[in-house]
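Subject: Structure handover

Hello,

Here is the structure for your files. My notes on it come after the model.

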Amino acid sequence: MMKAGPSQEEIRRHNLGALLRFVHVRGPASRAILAENLGLNRSTIMALTSDLTAAGLVREELPRTPGRRAGRPSLVVRPESTRVYVLAFDVGVDRLTVARVGLGGVILDRREAARGRVAASGGASGAADPNEMVNALAAAARSLVRKAGDEATCVGAALAFPGIVRRSDDQVMFGPNLDVGGMAIGEVLSRRLGLGVPVAVCNDANLGAIAEHERGAGVGVNDLIYLHGDVGVGGGIITGGRLLGGEDGYGGEIGHMVVNPGGRRCACGSRGCLEAEVGERTLLDLAGRQESPDVPGREAVRAVVDAAARGDVVARDALHRVGTWLGRGVADLVNIFNPGMVIFGGTLRDVYLGAAAQIRSEVATGALAASRERVKLRTAALGDDTTLVGAAEFAFADVLADPVQVLARLRGAPASAPVP
Amino acid sequence: MSTVTPVLDLRGVHKSFGPVAVLHDVDFVAYPGEVTALVGDNGAGKTTLVKCIAGIVRLDRGQYLFEGRPVRITTPREASALGIEVVHQDLALCDNLDIVQNMFLGRERRRGMVLDEAEMEEVAADILAGLSVRMSGSVRQPVWALSGGQRQTVAIARAVLGDSKVVILDEPSSALGVTQTRQVLELVRRLADRGMAVVLISHNMNDVFAVSDRIAALYLGRMVAQVRTADVTHAQVVELITAGRSETLEARRDGRPGGRRSAGPLRAGAVPEAAEPPA
């Protein structure tokens, strides 16, 4: 039997989502611009806008900066940034960040806490317990929710995690730099918040790729690779505008690509992985510096890059070696994926700016001429917030897919009491 | 192969100061949306070439094409009218004036008889925001109160005010700290990504590799190579600067052993078009 075409209702839901996504990603827009970009006629735009306005997702108002053209300025459709928000959690090895991010991608408020690091030897230092981590995240989130007031609605939540996460159930499968011991962080956190929204858990670098693609250096680039440096090295690959997830969602683990067979031992058990050759521990080790629980990794990496720029030969040599391995890895990626852009984020942003000569020399010799010809190497435009912004974008996915329904459900259902 | 017209296209440029020949038969191109790094030892002729481009000194001989049309540029004002701006090493800011006044110096906006301060302030703030620059404090603070990086930013913002098509930066990071250098490099990259042609003079090879799309190497007044950054190594560029030639680069170009074949020829003037892949 032939499948029937989409129903009126499905088309409407799709269009509502498309309009909301447009103003969410691109910012306030007039009806004329919306009509042009969405390929819908103006009366449809008007109907969709009034539905979204009734649901409290957008509002129409005069543009904030008066146009310089003659005549009455046209109204713009603006996302209700302060009334519709998501919670974005970013779990770094050194720091925890929780932010309330409004529709339209505005970071409205945030809480940050440094985390004591588990020493490489395994000796626990305070916050190694995943329960404590979840406690800290939940407390910060609750304080953000309280401050938001009753007028505002939380429409989603997502958590960026430095490890590989199974897509089917958000289970953290492997996080050598941050062990949560099989805890279902998303479920636990969702219960603790009691807002009626699930907390999605995703690989941090995958989220970073989404963020830079939607709002950062990679806007308009449909084939890009994002490399994220924290303690480890993560990756997110976008091909044809979509994140490459693989069979189970583990795709893009660039950090465990072997660039130096028989090289340094990696936390994953293998040798010579990109992470083992260019990760923070290796850089500090080569520079003759100690990993210290008091100095967050980001600061320690920056200190090495700074010292190298000032002429410290040991730091310089360390940075050059790390840059060379990083360049080899990038050359392979360029050959395999033919990306339009490779983006360096987290601590790799500092490494790239400090060792670009080594990195690009390796790409020039290791990548095929045709593949490397047009690849752009860029630093993350969202800076230290890349993975956080990615979590927020992910958290908005539900409401953007079916705006009116999701909102009606969240506002209709009385929120369950948060579990203390 | 489709062609992108270079914004700047200088051919066969000669320049002497009295009996001293400084530039000899120099070709130089710069494309929109790209950072072209101009490298060379002290005395190689980088600054003179930039002065020729900006109308500060006149060419003795040679062709100057701007957006494909032959032009004669004899004063900085003419260069500026075409949309060519230079950020000099000393930045040339007025310490006693505020950010807005510095940005609009010599081209103040007026409303009738008086200066349109509100308009200028708004434009200045817009430009700084558009460059993703966070200035602590107001755009009305005097520039003497700013850090080195912030001063550099103001100088760059002044250069991109109006309809600049070419921005030439002379050693922008030479006087900066490490963090500030990083920010300025990212800013330089953003200018090009927004469609401007950026010419970056730098001695720091790492800065050159961090942001450039092409490298033009001057050696004793001659342009010894203009290559795509993606096709060369650090060592090869150092050879070009210090010896005026690179064996491995030439071997590579000719397809001889010594490296993978490069995508394009070595000489300036025959630089392959960058923007589109062959059909």
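Predicted model: local features only at pLDDT ≥ 70, side-chain atom pairs only at ≥ 80, totals over all residues.

Chain B overall

Chain B contains 9 helices and 12 strands. Of its 279 residues, 54% are buried. If one takes the contacts in chain B between residues at least 6 apart in sequence, 65% of them join residues at least 24 apart.

Salt bridges

The count over all chains is 42 salt bridges.

In chain A, the side chains of A:Asp402 and A:Arg13 form a salt bridge with an N to O distance of 3.7 Å. A:Asp402 is in the loop between helix 14 (397-401) and helix 15 (403-412) of chain A, while A:Arg13 belongs to helix 1 (residues 8-26), so this pair ties together parts that are 389 residues apart in sequence. A:Asp402 has 19% relative accessibility and counts as buried, because the limit for that class is under 20%. A:Arg13, at 32% relative accessibility, is partly exposed.

A:Arg31 and A:Glu60 also meet in a salt bridge, at 2.9 Å from N to O. A:Arg31 is in helix 2 (residues 31-38) of chain A and A:Glu60 in strand 2 (residues 58-61) of chain A; the two are 29 residues apart, and the pair links distant parts of the chain. Partly exposed is the class for A:Arg31, at 24% relative accessibility, and also for A:Glu60, at 26%.

In chain B, a salt bridge joins B:Arg140 to B:Glu121, with 2.9 Å between the closest N and O atoms. B:Glu121 is part of helix 4 of chain B and B:Arg140 sits in the loop between helix 4 (117-130) and helix 5 (148-160), so the pair ties together parts that are 19 residues apart in sequence. B:Arg140 is partly exposed, with 27% relative accessibility. B:Glu121 is partly exposed as well, its relative accessible area being 32%.

There is also a network of salt bridges that takes in residues of chain A and chain B: A:Arg298, A:Arg302, A:Asp306, A:Asp350, A:Asp384 and B:Arg182 are linked in it.

Cysteines

A search of the whole structure gives 0 disulfides over all chains. For A:Cys202, the nearest cysteine sulfur is that of A:Cys154, 15 Å away, and A:Cys202 is in no disulfide. A:Cys202 is buried, at 11% relative accessibility.

A:Cys268 is partly exposed, with a relative accessible area of 31%.

Aromatic rings

The structure holds 1 aromatic pair over all chains. The pair consists of A:Phe344 and A:Tyr352, is stacked, and has 4.7 Å from centre to centre with 10° between the planes. A:Phe344 is buried at 0% relative accessibility, and A:Tyr352 is buried at 1%.

Elsewhere in chain A, the charged end of A:Arg100 sits over the ring of A:Tyr85, 5.2 Å from the ring centre.

One distance in chain A may be of use. A:Ser7 and A:Phe344 are 337 residues apart along the chain, and their C-alpha atoms are separated by 44 Å. A:Ser7 is in the segment before helix 1 of chain A and is partly exposed, with a relative accessible area of 34%.

Backbone

A:Asp170 is not a glycine, yet has a positive phi of about 60°. A:Asp170 lies in the loop between strand 8 (164-165) and strand 9 (172-174) of chain A. The relative accessible area of A:Asp170 is 23%, which is partly exposed.

B:Glu171, again not a glycine, has a positive phi of about 45°. B:Glu171 is in the loop between strand 9 (166-170) and helix 6 (178-193) of chain B. B:Glu171 is buried, with a relative accessible area of 11%.

Regards

Conventions
Residues numbered from 1 in each chain as written. Chains lettered and ligands numbered in written order. Heavy atoms only, no water. Salt bridge = Lys/Arg side-chain N within 4 Å of Asp/Glu carboxyl O. Helix = DSSP H or I, 4+ residues; strand = E, 2+ residues; numbered from the N terminus. Buried < 20%, exposed > 50% of the residue type's maximum accessible area, 1.4 Å probe, protein only. Contact = heavy atoms within 4.5 Å. Disulfide = S-S within 2.5 Å. Phe/Tyr/Trp six-rings, centres within 6.5 Å; stacked < 30°, edge-to-face > 60°. Lys NZ or Arg CZ within 6 Å of the ring centre and 35° of its normal.
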